[in-house]
Amino acid sequence: MRTQVAIIGSGPSGLLLGQLLTDAGIDNIILERSSKAHVLERIRAGVLEEGACDLLDRAGAGERMHQEGLPHDGFDLTFDGKRHRIDLFGLTGGKRVMVYGQTEVTKDLMDRRDATGGKTFFEAADVRPHDFGSGKPYVTFSHGGAEHRLDCDFIAGCDGYHGASRKAVPADAMKLFERVYPFGWLGLIAEVPPVNHELIYANHPRGFALCSMRSHTRSRYYVQVSLDEKVEDWSDDRFWDEIRRRLPASTAEAMTIGPSIEKSIAPLRSFVAEPMRFGSMFLVGDAAHIVPPTGAKGLNLAASDVHYLFEGLREFYADGSSAGVDAYSERALARVWKAERFSWWMTSLMHLFPEIGGYGGPFGQRMQEAELEYLVGSRAASTALAENYVGLPY
Ligand code: APR
Ligand code: PHB
């Protein structure tokens, strides 16, 4: 088998890249470890920057997002019993974010791939990139009991944090940066109307909480939990009691509760692998970097990586210039590190840190409250928050 770009992984990165390439007449094949149903079942983030929305439009997969997604012009911060609105739209000169689940983004991209005849091997096992140090890379995998070899010009490693692409790179060719946070997020989805028409990020001495949504009738809520907590120990009642304790009283009273549809705990991590290009293989999205979810940047960074890589590949095939692919890693990493900084900062500001020092302990709580007061009281500080939240330019 031969293709121009072999894409490993059918998450948002692989699907978006594949669609942009297909629409530009560049042949690509996606190799995905899981089944299509499994990929579509995953519940993840839900906030899209304008840059990500534009890319979905460009890939012809934005129609349902515009119909069903919820444009948000601001969000609330709560701390010390008070609630303050961050006016994203006003502070950024007219920018907003779109609340639309990653699950839906994935479905829309898969539907579009099917409609345009894109080839995907689901349940591809033992996917391995080879010879990417040379100009003749290939990928081997097994599928339906047979072994396959896919020759290509380039390999796009879009296979997430646990994928095979980054693992295939020799350790001494890569620099890894990591921070593991001493807590996780317990998330719940319920078929109840959201407590507020915009998101609420809550700082509280019992820990962080987030009120988000998937639609006007479906809420997505999170509470910070310690890493030794087990989801089985969290009945719905316990979850609802805990999140309401972390919100100002009037907000807690306004909350509609109901049975959960899904509940799970995810650890928080910051991670970057440098560089993001190794010869003819590129790392894209979660394969190269992870952010804690506090700033809602994970999916958006995947989108900006795809933008830089797609532009480079388009230039390569259309003009025979390798300038864009040569610049991919540097361009992508410059934006990645800014989003890493923002996500780390917002995580540090909003969570209860168990250890003393930095933001930890009672002193740390007061430092957070002082910074939050400054943030909501200073237009300059609010603007910096808003500008990062809506997404820095590509
Ligand atoms: N071989 C083939 N496919 C693989 C392999 C492998 N060895 N390992 C992982 N995959 C697949 C996974 O099953 C998944 O479908 O690669 C895909 C990676 O998708 P994501 O983890 O969603 O990563 P990405 O597409 O970069 O999307 C980034 O997703 O994880 C969230 O918060 C993150 O929002 C961000 C976005
Ligand atoms: C979500 O809706 O899942 C969500 C929203 C905002 C975040 C993180 C997650 O910062």
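In strand β14, Ala-202 is the bridge partner of Thr-78; strands here are DSSP runs of E with at least two residues, and helices are runs of H or I with at least four, numbered from the N terminus. This is a predicted model, in which local features need pLDDT of at least 70 and side-chain atom pairs count only at pLDDT 80 or more, while totals for chains, interfaces and linings use all residues. Residues are numbered from 1 along each chain as its sequence is written, chains are lettered from A and ligands numbered from 1 in the order in which they are written, and side-chain values use heavy atoms, with hydrogens and water left out.

**Strand β5 and its neighbours**

- Strands β5 and β14 (residues 200-202) run parallel and are joined by three bridges; two strands pair if DSSP finds at least two bridges between them.
- On its antiparallel partner β6 (residues 82-86), β5 makes five bridges, with Leu-77 opposite His-84.
- The two strands β5 and β6 form a hairpin with two residues between them, and Asp-80 in the turn has a positive phi of about 50 degrees.
- Five of the five residues of β5 (residues 75-79) are buried, so the strand is largely enclosed by the rest of the structure; buried means under 20% relative accessible area, exposed over 50%, and partly exposed in between (1.4 Å probe, protein chains only).
- Phe-75, Leu-77 and Phe-79 point one way from β5, while Asp-76 and Thr-78 point the other way.

**A three-stranded sheet**

- Another stop on the tour is an open sheet with the order β3-β7-β4 and antiparallel pairing.
- Strands β3 (47-48) and β4 (70-72) stand at the edges with a single partner strand each, so one side of each has no neighbour in the sheet.
- Two bridges pair β3 with β7 (residues 97-99), and Val-47 stands opposite Val-99.

**Salt bridges**

- The whole structure has 28 salt bridges, each defined as a side-chain nitrogen of Lys or Arg within 4 Å of a carboxyl oxygen of Asp or Glu.
- Asp-153 and Arg-2 form one of them (2.5 Å, N to O). Asp-153 lies in the loop between β11 (146-151) and β12 (154-157) and Arg-2 in the segment before β1 (5-8), so the pair ties together parts that are 151 residues apart in sequence.
- Glu-262 and Arg-220 form another, at 3.7 Å, N to O. Here Arg-220 is buried at 4% relative accessible area, whereas Glu-262 is partly exposed at 23% relative accessibility.
- A network of salt bridges links Arg-64, Glu-68, Glu-104 and Asp-108.
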